[in-house]
Amino acid sequence: MTSRPARISVLGPVRAWDGEQELDLGTPQQRTVLAVLALRQGRQATLEELTDAVWGDDPPRTSALTLRTYVSRLRQVLGDEAIVTVSGGYLLRRETGTLDLTDFTAAVARARTARAARDHSTAAQALHEAEGLWQGPALADVPGSYAQAQRVRLERERRAATQERLALDIGSGRAGTAVTELSALTEEHPLDEGLSGLLMLGLYRTGRQALAVAEYQRLRELLADELGLDPGAALRDVYRQILDGEPAPAPVAPVWETAGTHRGAVAPEQLPAGIRDFVGRTELIDRLRGSLTAAGVSAPVVGLTGLGGMGTSSLAVHLAHRIRAGFPDGQLYADLRDDDGGPVGAAAVLAGFLRAFGVPPADVPDDLAERAALWRTVSCGRRLLLVLDHAMTPEQLRPLLPTGTGSAAIVTGSRRLAGMPQIRWTSLPAFEPEESVELFRRVAGRSRVDAEYDAALRFAGACSHLPLAVRLGAERLAARPTWSVASIGDRLRVEMRQPVALHEDCIRVEAPFERDLEALRAVDPPAAVAFGLVALADDDEITVGTAARLLDLPDTEAERVMESLTDAHLIEATGYQRYRYLEIVRWFARRKAIAAHSAEFRRAVLARLGKPVPAELPTRSLRAV
C-alpha cells in the first residue's frame, strides 16, 4: 500500500505509480473501476455508472457486492484515503500532479489563456506539453463499450489540441515539421477538412504551392465520391487565398473543454446519413452556414420551412454535416413528429438528449421544467449542434433550443412558428431549372439525361421543380433503361391530370401535400376547402378579387383564406394580394375538389368568374376504362 498519493495514468494503458514503482492494479474489471473514477476527475461515480462500465447490459446479481470488493482491493494498492465512499457511489481523491488527464486539461487551459493574450509561443509550448502526456490510445488495456466510448471522446479532445498546436507551428518556424505530421494525419483522417486546410497552408509556406493545390483537389474529389459533398467555405477560402498568393495566417482551432454535470459522457453524433447525391441551394447553404457559425452570436437558430417535398429535412441534415466540425461536443437529432403525424413531446426528446450525455435514466426528472433545467445545465459550456426536424408547436420546441454561446440549432417545419423571435426563418423555394436537371443527372445517369437535355428540362418543369418529384421521376427512369426521358415526361403529364393518382410515385409525391392539407384543415377548415376550389381556375395568378368571386366571400375574408394557404406553403405569394399554385400542386388540389364536390357545384363556382367554363378533369379513373 502506497504511503503517498499515487500517480495515475489513463492517457494510454491505465497505470499507477508510487514514486518510480509501478503498482499492480489487478484484473481488467478493477482497472475499469479505477478508469471510471479517474475520468470523473474529482466527482462522484454512481454505482449504476460503475456497473454499466464494468458489465454493460448484463451485470451479475451480485454486482454491488463485487464492486465493493474491487474498490477495497484498489484501496489496498492506492491507499485507504484514495477512494472515498459517498452516497450512492465512490469518489477518487484528486491531488495536483496525480492524474495525467488533469495535467492535460490544465496544459490546454494554459494554452488557451496564452493564445487569447496573443502569446503564441507560450501557447504552442503548453500544447506540446499536453501532447507529451499521451502514451498511446486512452484506456488502452480496458475492455468494453464504456472504455471504447471514452477513448473516442478523449481522442477527439487530443485531436483538437493537436490541430491547434499544428496551426501555431505553421505560423512559427516549425512549419516543415508540422507538414510532416499533417501529412500522416491526413492519411489517417482523409476527410478532415480542418487538417487538410492546415496541410495546404503548411505546404504553401514551405514553398510547395503545387502540392497545396493538389491536396485541395484530392479532398474535393474524395468528398464528392464518398459523401456527395463539396468542400466547405473555410477550405475553399484557403484554396482561393493560395491561388491568389495571399493566404491568411493558419486558423487556430479552439480547444473546447467538456462542461456540464456529466463530463464523462462521449460526445454524441446522432446526425442521420446525408443524401449522397444532394445538389443545389449553394448560396442558401453558405448564408445559413454563416448564420450558424458567426463568431460571438449566442446560440443561433435557423428555421427551414416549405411545401412538403421541397427538401427541408434533407437540407437541414446536409447543412449539419457541413458544419459539424465546428461543434465538437456533439451533434443531436430529433424528429419531432411521431408516426401518426402528431407532435412528439419535449419531455421525451429531453430525456433522450440527457441520456446521450451520460445522465442515468434514474436521474432524469419527471417534471418537464426540471428536465429542461437539467438540460440547460448539462449543455452549458458545450458547443452543440441540434437538428430538430418537423417542429410543430412552440411549446414543443422552446425547451429544446440551446441557450449558451457556441451552440446552434437547425429547425424544420411545415410553417413558421409564432412567438419564437430567436429563430431566423427561411422558406425554401423550388429548385432552379438547372438544379433540377443536375439532380436528374445524378439519379438517372448523366449521359442519358444530357442526350435528352430539353426533354429532361421539360420533365423537371412538369414536376414544378419540386425536388421530391424530380427525384422520384428520375428513379423511375433509372429503373426503366429502355424508356426515354421524353416518354416518362409524357406519362407524367397524363398521370397528373387524372382524378386519382395512378402510380405509386404520384402517391409518394402527394403524401406531404396530404399531410399539410390535413394540418391546415385542423386549424382552418374554410381555407382547406378553398384550396381545392380556387385551383379550379385556369389563371396563372390568382388575385384576391378572383378568389373572392370563386369562394363567394368578401375580399377581406378571401385574402385571409389565401394568406392562410400561403402560410401552409400550399400556394405561393407572387405579389401584394396575388398568388399562384405550383402546377403539380394545382392538379392535386383539383383532384381534391373533384372528390369533395359535384360537377354541378364546380361548374357553378367557375361560372362566378363570368368566363367560359374550362374543360375539367375526367370524372372517372382510367382504371375503370
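**Hairpins, a parallel stretch and an acidic patch**

Biologist: Let's start with the hairpin of S2 and S3. How many residues sit between the strands?

Modeller: There are two residues between S2 and S3 in that hairpin. Gly19 lies in the turn, with a positive phi of about 70°. Keep in mind that this is a predicted model.

Biologist: Okay, and how do S2 and S3 pair, parallel or antiparallel?

Modeller: Antiparallel, over two bridges. Asp18 has Gln21 in S3 as its bridge partner.

Biologist: What about the hairpin of S1 and S2, which residue there has a positive phi?

Modeller: That's Gly12, with phi near 145°. Five residues lie between the strands in this hairpin. S1 and S2 (residues 15-18) are antiparallel too, paired over three bridges. Ser9, for one, is bridged to Arg15 in S2.

Biologist: So what's the strand order in that sheet?

Modeller: S1-S2-S3, an open sheet of three strands with antiparallel pairing.

Biologist: Which strands are at the edges, and why does one side of each lack a neighbour?

Modeller: S1 (7-9) and S3 (21-22) are the edge strands. Each has a single partner strand, so one side of each has no neighbour in the sheet.

Biologist: Switching topic: S9. Is it buried or exposed?

Modeller: Mostly covered: S9 runs over residues 385-391, and seven of its seven residues are buried.

Biologist: Which strands does S9 pair with, and in what sense?

Modeller: S8 pairs with S9 in the parallel sense, over five bridges. S10 (residues 408-413) also pairs with S9 in the parallel sense, again over five bridges.

Biologist: Now charges. Which residues make up the negative patch on the surface?

Modeller: Four aspartates: Asp335, Asp338, Asp339 and Asp340.

Biologist: Where's Asp338 in terms of secondary structure?

Modeller: Asp338 is in the loop that links strand S8 (331-335) to helix H13 (346-356).

Biologist: And why does Asp338 count as partly exposed?

Modeller: Because its relative accessible area is 31%, and the partly exposed class runs between the buried limit of 20% and the exposed limit of 50%. That value also passes the patch cut-off, which asks for over 30%.

Methods
Residues are numbered from 1 along each chain as its sequence is written. This is a predicted model: local features need pLDDT of at least 70, side-chain atom pairs count only at pLDDT 80 or more; totals for chains, interfaces and linings use all residues. Side-chain values use heavy atoms; hydrogens and water are left out. Patches are made of residues with over 30% relative accessible area and no salt bridge: like charges are joined within 9 Å, nonpolar side chains (Val, Leu, Ile, Met, Phe, Trp, Tyr) within 5 Å. Accessible areas come from the Shrake-Rupley method with a 1.4 Å probe; for residues, only the protein chains shown count as cover. A salt bridge is a side-chain nitrogen of Lys or Arg within 4 Å of a carboxyl oxygen of Asp or Glu. Lys and Arg count as positive and Asp and Glu as negative; His and the chain ends are not counted. The place of a charge is taken as NZ of Lys, CZ of Arg, CG of Asp or CD of Glu. Helices (H or I, at least four residues) and strands (E, at least two) are DSSP runs, numbered from the N terminus. Buried means under 20% relative accessible area, exposed over 50%, partly exposed in between (1.4 Å probe, protein chains only). Two strands pair if DSSP finds at least two bridges between them.
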